[in-house]
Amino acid sequence: MTGDWADASRIRATVRPPSFPAVDFPITSYGATPANAGPGIAAAVEACHASGGGRVVVPPGRWHTTGIRLLSYVELHVSAGATLLFSTDPADYLPLVETRYEGLEVLNHAPMIYANDCTDIAITGTGTLDGQGSWETWWQWFHECDEEFQVLREQSFFGVPLEHRIVGRRLRSSFVQPYNCTNVLIEGVTVVRSPFWQLHPVLCTNVTIRDVVIDSQGPNNDGIDLESCRSVVVSGCVVDAGDDCVALKSGREADGLRVGVPTEDVLIEDCELRVKYGAITLGSDLTGGIRNVYVRNCRIDGPYFALYIKTNAVRGGFVENVYLRDVTVTRVTKEVVQCNFYRGEGDAGPLTPYVRNVELRGLKVEQARNALLLRGYRHSRIEDFRLIDCDFTVDRPSTVQHTALSFDNVTINGHPIRDVHQIR
């Protein structure tokens, strides 16, 4: 598949959110109290699932809870004026569950809202999910996990089975994670103070994320991470994140090669993306590949990069068929687009990444340090990278190495650009 905007229309037409029976299960009917809502929520989820589905309703108020595990046919509805305050005690997220940490499979603390091998699940409403992350709670683990993560990388390299991948207690879990699920909807809620990555579907198909507000700026607090997912629409979201706003991933290193599931058929539209690294990021955990990504009618303000494609010869992988259209960049602090094969380990590895067929059309950039930093390998160039009807206002020249780059009606600081040598 070569990919074009007709394919985006196909994604928009085929991705449909799940529907649920019009039956409510108020958590207060199952014993939930503001001081201890966890057991009541769990009982309501079980009852809802057993009856064939419906809505588990969180009414207005502040509800302290432990982790929530969704089941098939259950919609968790967080009403207007409701806040779920999640425990900061790691013991409340046991037993360990199957998950991923930065692209590697592991048994870890359960995400705060988790589902595994489910169909037709949703989180809706205009209430708030509060992970209560801070440097006194989850965020301190950012400085304490390096040794455990290196052990996990070694386990992945040597093919250690998942049941033996229990590496310690300092790998943070994502906030919301549907894992190996089909027909997923996350709509309307506000997400704050996340312990780690915020919305993180893994190995999911037919996912809708719309009208969500994300405001959490802890360390490595990505907003939306789509990992090894297929058929996804992200629309109308406001993301203010401590790391990448919307990140596409597909597993890392040996695990990424073994599982081999790409992220593909993704439409991102009508979003506002702010702070800190990449607004739209592909990688760096992309060993399984990424293809068919469409971004339109978005506004970007404040991150380092508007489009960030990152990999190296240790992670490898591929990126193909990426289209951005009608995107306004009010400000980025580094390059508008960075596509870099030298992220981290650079070319010191056994794998050869490739990127091909990337098109930016109708991009309006009001302020940036540079327009482009494109760095392929001599033996694996970035192929067919196109800029069409784009206008950049920048402070410094671009860097382009081992890239097949073309221009059509492109201006930088008011000067028409027809050749790559004009932007250096």
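**Notes on pockets and cores**

1. A pocket here is an open set of points on a 1 Å grid over the protein atoms alone, where a 1.4 Å probe fits, with protein on both sides within 12 Å along at least five of seven lines; lining residues have an atom within 4 Å of a point.

2. Before going on, please note that this is a predicted model, in which local features need pLDDT of at least 70 and side-chain atom pairs count only at pLDDT 80 or more, while totals for chains, interfaces and linings use all residues. Residues are numbered from 1 along each chain as its sequence is written, and side-chain values use heavy atoms, leaving out hydrogens and water.

3. Which helix gives the largest share of the lining of the second largest pocket? Helix 3 does, with five residues, and helix 4 (253-259) also supplies at least two. Helices (H or I, at least four residues) and strands (E, at least two) are DSSP runs, numbered from the N terminus. The space in this pocket is about 220 Å³.

4. Now look at the largest pocket, with a volume of about 510 Å³. Of its 24 lining residues, Glu102, Phe142, Asn220, Asp243 and Arg343 lie nearest the centre. Helix 3 (146-157) turns up here too, and helix 3 and strand 26 (305-310) each supply at least two lining residues.

5. Next, the cores. A nonpolar core is a set of buried Ala, Val, Leu, Ile, Met, Phe, Trp, Tyr and Cys residues joined through side-chain atoms within 4.5 Å; buried means under 20% relative accessible area (1.4 Å probe, protein chains only). The largest one has 111 residues, and Leu129 and Phe392 touch the most other members. Strand 33 (residues 382-394) gives the most to this core, six residues. A second, separate core has ten residues, including Leu152, Val167, Phe196 and Trp197.

6. Is Phe86 buried or exposed? Phe86 counts as buried because its relative accessibility is 0%. Leaving aside neighbours within four places in sequence, the contacts of Phe86 (heavy atoms within 4.5 Å) include Thr65, Tyr93, Met112, Leu129 and Phe175. Asp7, by contrast, is 79 residues from Phe86 in sequence and 40 Å away in space, C-alpha to C-alpha.

Key
Points joined across faces, edges and corners; volume = space filled by probe spheres on them. Buried < 20%, exposed > 50% of the residue type's maximum accessible area, 1.4 Å probe, protein only.
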